[in-house]
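Please open the structure in your viewer and keep the selection tool at hand. The stops below take you from one group of side chains to the next.

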Amino acid sequence: MSGVRELPEDCTRVDLADPWFFQLHDQYELWRRLRAKNPVFWTEPGEGRPGFWSITRFEDVQRVYRDE
């Protein structure tokens, strides 16, 4: 990919609400890393938006949706 920057080694500080991040980095590699190391990922609140959780593995998503 042309113009794509390497992901930071520590993906725990990534802001998934920042659209520029996805334009500058390989989003597919980011999702692979999050599924492998941080499958339940918290994005901090910022600039008028609430924080949010990202569930990145299919099995975990199914479990969350089935849990009442």
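**Aromatic rings**

The count of aromatic pairs comes to three, where rings of Phe, Tyr and Trp (its six-membered ring) pair if their centres lie within 6.5 Å, and planes under 30 degrees apart count as stacked, over 60 as edge-to-face and the rest as tilted. Select phenylalanine 21 and phenylalanine 22 to begin: their ring centres are 5.9 Å apart and their planes stand at 85°, so this pair is edge-to-face. Taken together, Phe21, Phe22 and Trp31 are linked by ring pairs into a cluster.

Before moving on, note that this is a predicted model, in which local features need pLDDT of at least 70 and side-chain atom pairs count only at pLDDT 80 or more, while totals for chains, interfaces and linings use all residues. Residues are numbered from 1 along each chain as its sequence is written, and side-chain values use heavy atoms, with hydrogens and water left out.

**Into the core**

Is phenylalanine 21 buried or exposed? Phenylalanine 21 has a relative accessible area of 12% and is therefore buried, as buried means under 20% relative accessible area, exposed over 50% and partly exposed in between (1.4 Å probe, protein chains only). Tryptophan 31, at 26% relative accessibility, counts as partly exposed.

Now select Leu7, Cys11, Val14, Leu16, Phe21, Leu30, Leu34 and Phe41, the eight residues of the largest nonpolar core, a core being a set of buried Ala, Val, Leu, Ile, Met, Phe, Trp, Tyr and Cys residues joined through side-chain atoms within 4.5 Å. In soluble globular proteins, nonpolar side chains tend to be buried together.

**The strands**

Which strand holds serine 54? Serine 54 has its place in strand 2 (residues 52–55), strands being DSSP runs of E with at least two residues and helices runs of H or I with at least four, numbered from the N terminus. At 12% relative accessibility, serine 54 counts as buried. Valine 40, one of its contacts beyond four places in sequence, belongs to strand 1 (residues 40–43) and, at 44% relative accessibility, counts as partly exposed.

**Last stop**

Finish at valine 61, which lies in helix 3 (residues 58–66) and counts as partly exposed at 26% relative accessibility.

Key:
Contact = heavy atoms within 4.5 Å.
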